[in-house]
Amino acid sequence: MNHLLTFWHTLKHSFGNLLPIVLVVGIFQLLIIREVPDNLGTMLVGLGIVVFGVAIFLQGLDLGIFPVGKGLSNAFARRGSLPLLMAFGFSLGFAAVVAEPALIAVAEQAQLISAGRIDALTLRLLVAFSVGAVVALGVLRTLLGHPLHWYMISGYLLVVSVTFFAPEEIVGLAYDSGGVTTNIVTVPLIAALGVGLAASIKGRNPLAHGFGLVALAVMVPMIAVQLYGIVVYTLLPAPLETAEVARNLAQDPSSRTAGRQALIMLVDLLSMLRDVLPIILVIVFFQYAVIRKPIPYVRRVVLGFAMVILGLYAFVIGLKLGLFPVGRSMAEQLIGLDTLLWVYLFAFAIGFATTMAEPALIAIGAQAEEAAHGKLDARHIRLLVALGVAIGISIGVHRIIVGDSIHFYIMGGYALVIALTFIAPRFIVPLAYDLGGVTTSEVTVPLVTALGIGLATHIEGRSILIDGFGLIAFASIFPIITVMLYAIVMEWIRPDTGETT
């Protein structure tokens, strides 16, 4: 009975995460576009499946992955073994990102649009390896007490330098890949690991030293994917024509035959099992081979993993039926209006509304308020981050509309971030960078990705691969700017709000 009640609350929570999108899209459809989109019934069914899938997935995490992961983290912290902590950090980061729903969605779209030139599984493995390596590095940083800002400044200087040499087809995807690595699976696990370590080490401040793992997990995949793009676009043949790719994107799932649809659904289910398998292997290995203790409540844990697989499966099906078609349909309809002002307004509204409902942001904000001992307000943090996301997506939409190169926008944005890092109060820097990594939820990412692809598809002269990606990157940059600007202003107004101790 308790599990059913918990699931009901999780289901309502999942619906609450989707509700801002439904409200924004509904208002624009009724009051501005005044048209009913094609296949409305299929879209609504898809949105319902997304809600159900996310709820099952979250319930599975609470039953299976989170309790075991927390127990392993505590066990390694008590042992005080640096190699074990770093190995566990790498394994946890790798396994969690491989099963990240938002990354799955972006990788599959990238493979489809590039006609197979970018391989979805290779992309996900590369990003997962990068996150695993950087979580291990972050564990070492927390133990040594190094300030985060030097890691971030040198890292983003490297990111911007690689961007100079990366092909334009990969830049937007690379920055998006960094932005989607920290969401529904990774944020709670990685944040808990960092804050828990900082709280257990004498002389470490949870706010200054506990936060930052999420920020590092966002940065390094950007470098790795751009390097991957340099190799891929140098050695592999050219992709299919854009028109053919657009036809593939526009294919309605309901038009497939029943046999083909059943085969695709079976392949999707097997893919979900493959995605979750690394997490299972990591937990089983560390639990039995390293800790050498049986998993407590093993039946509940097995049930949790089964729910994670089923939830991921439902989520992917719902994406194909609901969120992706909604994003592309809205882009087509808004572009067809007399003025482009509505496109900018829709982008701003979607960014602000969905971020305010983002569960990972709510969790991080609460942790930051507690760690700062009254120096920060969780509500102010959410408003600042939501404003940053709204501004970022609006600027990203403007870039697609006018056809500018993403290189200059991205490099300019991170140059501003680096400059603010030098002058912002030290206590806010790790939190600000982390907040840039938790702004895009498993529901928001597919819709924003589909919006960018839809705009690039229906604006003459735009490339889907070059111009369609990148909106998520803008949603990750500007919250860092708004939060650090707020801290700088508040320190100037009230100098007593400086470093936390």
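Modeller: Happy to! One term to begin with: pLDDT is the predictor's confidence in each residue, on a scale from 0 to 100. You'll need that here, since this is a predicted model.

Colleague: Good to know. Where does pLDDT stay under 50?

Modeller: One such stretch is residues 240–247, for which the model has seven contacts beyond four places in sequence. Another is residues 497–501, where pLDDT also stays under 50, with 17 contacts beyond four places in sequence.

Colleague: How should I treat places like those?

Modeller: Where pLDDT is low, the predicted coordinates should not be read in detail.

Colleague: How much of it is buried?

Modeller: Of its 501 residues, 58% count as buried. The accessible surface comes to about 20,000 Å², and carbon and sulfur atoms account for 69% of that.

Colleague: What about contacts across the sequence?

Modeller: Take the contacts between residues at least 6 apart in sequence: 86% of them join residues at least 24 apart.

Colleague: Now the rings. How many aromatic pairs does the structure hold?

Modeller: Nine. One of them is Phe88 with Phe286, an edge-to-face pair at 5.5 Å centre to centre, with 75° between the planes.

Colleague: Why does that pair tie together parts so far along the chain?

Modeller: Because Phe88 lies in helix α3 (residues 82–98) and Phe286 in helix α12 (residues 258–291), the pair ties together parts that are 198 residues apart in sequence.

Colleague: Are those two buried or exposed?

Modeller: Phe88 and Phe286 are both buried. For a stacked pair, look at Tyr156 and Tyr433, with 5.9 Å between centres and 15° between the planes.

Colleague: Where do those tyrosines sit?

Modeller: Tyr156 is in helix α6 (residues 148–165) and Tyr433 in helix α18 (residues 429–435), so this pair links distant parts of the chain, 277 residues apart. Tyr156 and Tyr433 are both buried as well.

Definitions and conventions:
Residues are numbered from 1 along each chain as its sequence is written. This is a predicted model: local features need pLDDT of at least 70, side-chain atom pairs count only at pLDDT 80 or more; totals for chains, interfaces and linings use all residues. Side-chain values use heavy atoms; hydrogens and water are left out. Rings of Phe, Tyr and Trp (its six-membered ring) pair if their centres lie within 6.5 Å; planes under 30 degrees apart count as stacked, over 60 as edge-to-face and the rest as tilted. Helices (H or I, at least four residues) and strands (E, at least two) are DSSP runs, numbered from the N terminus. Buried means under 20% relative accessible area, exposed over 50%, partly exposed in between (1.4 Å probe, protein chains only). Contact means heavy atoms within 4.5 Å. Accessible areas come from the Shrake-Rupley method with a 1.4 Å probe; for residues, only the protein chains shown count as cover.
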